[in-house]
Amino acid sequence: ECMEGTREDILRIALDWVADSGATNIFWLKGYPGVGKSAIAASLVKKLRDIARLGASFFFQRESSNAMTTSALWRTVAYGLASEYPTLRNHLISTLETDEAVVATVSIEKLFRKLIHEPLVAFEEAGGQDTVVVVIDALDECGGLDGQHSSQRTNLMRTLEIWSTLPKRFKLVVTSRAEPDIVRLFSTIEHESFEILSGKMVQSKSSKDIEKFLQYHLGQIAARSNGTLAPDWPGRQIKAWFTRLAAGLFIWVDTAVRFLRQGEPQEQLNRILGGTGMGGLATLYSSILGASFVEPTEKVLGNFRRIVGAIILAKEPLTASSLIHLCSVDHSMLSYIRNGLQSVMDTGEALRFSHQSFVDFLLNSTECRPGFLINLHQQKRYMTLGCFRIMKWHLRFNICDIKSSHKRNNDVAGLERRIKERIPPHLAYSCHYWANHLPAAFDPEISEHIDYFVQNQFLVWLEVLSLTKRVNLGTNMIGRLIEWLRNGNQDDKLARDMKKFIAAFGSIISQSVPHIYLSALPLSPRLAGVSKQYMNDYPRTIRIKRGGQDNWPAIQNVIVGHKDPVNSVVFSSDGTRVISDSWDSAIRVWDAETAEPIAGPFRGHGTEDISMAFSPDGKRTAFGSWKGTIRVWDTETGEMVAGPFEVHTSKITSVAFSSDGKRIVSGSSDSTLRVCDTKTGEMVAGTFEGHTSKVTCVEFSPNGIRIASGCRDGIIWVWNARTAETVAGPFQGHTETVTCLAFSPDGARIVSGSWDQRIRVSVAFSPDGTRIVSGSWDKTIRVWNARNAEVISRPINGHAEGIGLAAFSPNQPSIASTSEDESNHLWRTTASLVSIST
């Protein structure tokens with residue numbers, strides 16, 4: 001908190017805003033790093049608690065970004081609000097009883113609406129009169145080193161925008177630097193703000209507060225000197241000079257005072273006076289490094305960079321013992337460097353810097369001298385090697401000596417104690433985060449360690465994930481490994497099989513370590529990579545003599561949840577989610593890896609909606625109705641964002657987005673096509689006239705220049721998307737209704753499906769244009785060569801009813817399909833297809 005008697009002006013401004021019922025509901029306290037925003041936030045939290053106005057508070061820390069996420073923020077705030085206000089608590093309990101999985105959703109907007117927005121609105125409707133204040137400190141430290149480029153920060157910005165729409169008595173205090181994305185946010189919403197100025201613009205009250213701070217702390221140093229220093233040491237002139245050098249930065253004087261306490265005060269003062277020059281944080285930090293590490297050897301500098309780089313990059317704060325192992329330094333070297341950095345580090349077991357400005361200084365090549373400058377790319381390499389080195393030394397079969405496979409991990413007596421003994425923090429950290437530190441560029445030494453890991457340690461690594469309850473990290477980590485191998489043009493076949501192994505057996509592995517070897521390994525396909533690599537190492541486990549599978553089955557997941565037939569299904573642009581729509585009037589979003597629901601069901605569109613399309617980014621859904629109208633919905637929040645647009649005079653049979661998501665083309669039973677603006681509904685092209693019967697399907701070309709349409713009479717036309725003029729056609733070949741169309745990725749070809757079964761019922765090109773997937777009412781899926789129309793996979797069976805739609809995943813060899821059996825299926829393409837793709 002702020003020292004007593006300082007920052008009173010800023011705290012009064014904030015408290016007056018809290019008391020003003022007519023003020024906007026967001027207050028932004030901004031300022032340069034080091035002006036004391038976090039101390040002010042801490043003091044404000046205390047004062048709000050004293051007057052019973054504090055709803056909740058959350059302090060972001062960049063070095064703890066792996067735990068201090070946006071979802072953690074809103075879960076914490078929800079808990080705080082529920083603890084303070086019974087009405088909110090009751091609504092929240094009701095929400096959790098209805099959907100207990102909401103706290104684990106990956107949709108931050110859904111989490112915010114269910115845990116924060118809706119309870120606050122219910123609180124307002126119940127007649128509550130309290131002013132509720134939430135304080136969020138260091139918004140700019142959300143997202144860790146990725147900062148404004150992280151998805152965490154992006155999601156947080158969107159939820160703050162929603163907060164601004166709440167009633168004015170639900171108040172939010174935010175402190176942060178004025179970084180570009182934060183400035184953009186506040187430029188678009190109503191708010192009040194106060195800037196703590198520094199440098200030449202420093203407010204006189206800030207300088208007076210710094211004088212008070214110096215007077216007190218320097219007086220404390222003098223009082224403890226046993227009479228060797230005068231009571232007013234170091235004198236009024238030096239104190240005034242320090243105040244001018246600080247220029248409003250409390251972190252400057254705080255760091256200087258820490259440095260003075262670190263050794264003999266007068267000698268330390270002389271070091272500051274001899275090196276500060278023009279002043280400023282960078283100059284002060286340079287002086288401290290110069291004074292703490294006098295004429296350092298290259299060995300000292302190398303160890304400095306490794307230790308400091310590890311502290312900066314760590315996904316969770318590291319202890320001294322963990323740093324010694326990760327950085328391969330001895331205890332005396334770590335102690336020497338740690339002592340030299342005392343004035344810029346927090347006290348405590350975990351090593352972390354007291355202020356982000358010191359990290360910024362170490363990463364800035366124009367401010368920090370080369371010997372101490374941290375190269376993050378190089379330090380990532382060291383961290384990766386450190387993690388692999390630790391795993392190579394410590395991982396072993398049955399690491400915790402579990403005697404029997406008859407019990408789950410939770411039921412093994414004394415296991416928790418053995419985990420602490422056998423899996424020290426540096427080993428746990430290495431197993432949890434080695435993939436997060438992989439550098440972007442291919443590295444031969446790292447490649448050697450990866451080869452050893454995948455060929456020898458995959459199963460024993462899973463032991464540690466199981467025992468530390470972190471199996472959920474496995475799929476994502478192996479996914480990062482696959483990406484790294486592909487970027488370096490390395491063989492990723494075994495890694496891809498490792499990912500499938502975790503997806504298939506993750507649930508069992510998380511419950512029981514022995515079943516890695518007793519169930520998962522023997523039941524994995526005989527010809528798959530993990531089985532071939534590891535089965536011979538465990539000859540005493542069970543083996544399948546007859547039956548079993550040679551390869552992973554085509555089907556990856558069966559997604560069940562809709563109550564009526566599924567109309568449409570599509571992968572998100574990154575391939576991690578599947579979005580589906582059903583005749584039950586619900587949209588649902590699923591995890592493509594686990595088949596678990598992660599958003600929805602979103603309701604609001606009705607049974608009159610008979611056609612649907614997803615925007616290219618998967619964030620918007622367009623519905624065409626029996627009434628000739630189009631509505632656009634947000635796929636993540638389930639809210640209607642545009643429409644209804646009255647487009648046609650008869651029912652809309654098909655809709656499609658342009659590749660930029662700005663236009664929607666619709667076909668209708670009135671035999672016409674129209675193109676309208678996604679946001680306004682204004683018709684921007686059309687009416688497209690030429691069909692003599694009902695239009696059944698429409699599609700934009702990849703470049704948005706052309707539109708293809710199919711008709712009940714079996715005829716296909718191609719149109720200019722801007723002028724509505726005919727470009728090509730009519731194409732006559734089908735003898736029955738054309739049910740669907742798809743352009744090849746280069747826009748040069750069209751594939752069509754028809755009731756005449758020439759190309760089944762549903763069709764789609766693969767992302768590289770070499771293959772076509774088709775689904776049929778005969779309950780099968782087939783994959784075809786796009787050049788010669790030959791079938792290149794055996795029929796894929798699995799649905800109990802006819803196939804409604806099939807589509808390729810954008811970035812992995814998978815197919816999603818829908819059926820009237822009310823399920824979605826995810827399939828893995830065969831090995832021959834993988835070789836064709838690559």
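**Exercise 1.** State which elements are included in what covers the buried residues of helix α1 in this predicted model.

*Solution.* The cover of the buried residues of α1 includes the strands β1 (26–31), β3 (132–137), β4 (170–176) and β5 (192–196), together with α2 (37–50). The buried residues themselves are Ile10, Leu11, Ala14, Leu15, Trp17 and Val18. They lie on the same side of α1, because the arc they cover around the axis is only 155°. In general, an α-helix has 3.6 residues a turn, so residues three or four places apart point the same way.

**Exercise 2.** Determine how strand β18 (residues 663–668) is placed in the structure.

*Solution.* First, consider burial, for which the cut-off is under 20% relative accessible area. Of the 6 residues of β18, 6 are buried, so the strand is largely enclosed by the rest of the structure. Next, consider direction: Arg663, Val665 and Gly667 point one way, while Ile664, Ser666 and Ser668 point the other way.

Then take the partners. Strand β17 (residues 652–657) pairs with β18 in the antiparallel sense over 5 bridges, and Phe657 stands opposite Ile664. Strand β19 (residues 672–677) also runs antiparallel to β18, joined by 5 bridges; there, Val675 is the bridge partner of Val665.

Finally, examine the hairpins. Between β17 and β18 there are 5 residues, and Gly661 takes a positive phi near 75°. Between β18 and β19 there are 3 residues, and Ser671 takes a positive phi near 75°.

Conventions
Residues numbered from 1 in each chain as written. Predicted model: local features only at pLDDT ≥ 70, side-chain atom pairs only at ≥ 80, totals over all residues. Heavy atoms only, no water. Buried < 20%, exposed > 50% of the residue type's maximum accessible area, 1.4 Å probe, protein only. Helix = DSSP H or I, 4+ residues; strand = E, 2+ residues; numbered from the N terminus. Arc of directions from axis to C-beta. Contact = heavy atoms within 4.5 Å. Pairing = 2+ DSSP bridges.
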